[in-house]
Amino acid sequence: MNKYNLEFNGLKEGKHTFEYKIDDKFFECFDYSEIKEGNIEVKVGLIKQTTLLRLQFELIGTVEIKCDRCLEDYTQNINYETELIVKFGHEAMDNGDEIIVIPFEEFKVELAHYLYEFIILALPIQRVHPEDENGENGCDPEMIDKLNKYVIDESESEDEEEPIDERWSELKKLLDNK
């Protein structure tokens, strides 16, 4: 994962560009990763200033993930842009926002964890096969047929009201007489 470290020591103030390639080996380094395969190009624009570093990320590529509907793997496109501000302080601190603090004596920023988080954030909330050129869903038809056997159609259940037990009718009268 050292190849995803951004070394800024010795760089002049101003804008610099770095490029990284993320592949299957990258995702193997993360335990319990829902992504096993991927091919993503990452461009990092670094604007170095005296008091902080401004990192601008652009991630473009694809990853293989499981469909929430049919559980088959499918290819999801990734196109994500974000920014991260790196400030210098006495001790490292990451408060979860777009700002992190690293010690004054540090000469690099470890990007691997942030890149992984950005990829996860780029994934859609509902992960299903995209529709093909004919407008049909790409899910496994056999699995969809199995799922449809267990779908409850609420419109049918409303039409088929069960008769109310007379005992409940008598109890309801007590509530109405308050």
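Reply: A residue is called buried when its relative accessible area is under 20%. This is a predicted model, and in it Asn5 has a relative accessibility of 15%, so Asn5 counts as buried.

Me: Where is Asn5 found, and which residues is Asn5 in contact with, leaving aside its neighbours within four places in sequence?

Reply: Asn5 is found in strand 1, which covers residues 5-7; leaving aside neighbours within four places in sequence, its contacts are Tyr20, Lys108, Val109, Glu110 and Leu111.

Me: How does Arg127 count at 15% relative accessibility, buried or exposed?

Reply: The cut-off for buried is under 20%, so Arg127, at 15%, counts as buried. Arg127 lies in the loop between helix 2 and helix 3 (141-149), and its side chain reaches the backbone oxygen of Pro124 at 3.1 Å. Among the residues that Arg127 touches, not counting those up to four places away in sequence, are Glu34, Asp68, Tyr74 and Ile120.

Me: In what order do the six strands form the sheet, and which strands stand at the edges?

Reply: The order is 2-3-4-5-7-6, in an open sheet with mixed pairing. Strand 2 (14-22) and strand 6 (93-94) stand at the edges, and because each has a single partner strand, one side of each is left without a neighbour in the sheet. Strand 2 pairs with strand 3 (residues 37-48) in the antiparallel sense over nine bridges, and Lys21 has Glu41 in strand 3 as its bridge partner.

Me: At about what angle does helix 2 run to strand 5?

Reply: Helix 2 (residues 112-122) runs at about 135° to strand 5 (73-89), and lies across strands including strand 4 (52-66) and strand 7 (99-103).

Terms used. Residues are numbered from 1 along each chain as its sequence is written. This is a predicted model: local features need pLDDT of at least 70, side-chain atom pairs count only at pLDDT 80 or more; totals for chains, interfaces and linings use all residues. Side-chain values use heavy atoms; hydrogens and water are left out. Two strands pair if DSSP finds at least two bridges between them. Helices (H or I, at least four residues) and strands (E, at least two) are DSSP runs, numbered from the N terminus. Contact means heavy atoms within 4.5 Å. Axes are lines fitted to C-alpha atoms, for helices over the stretch in contact, and angles run from 0 to 180 degrees between N-to-C directions. Buried means under 20% relative accessible area, exposed over 50%, partly exposed in between (1.4 Å probe, protein chains only). A polar contact is a pair of N or O atoms within 3.5 Å; within protein, one must be able to donate a hydrogen and the other to accept it, and residues adjacent in sequence count only if both atoms are side-chain atoms.
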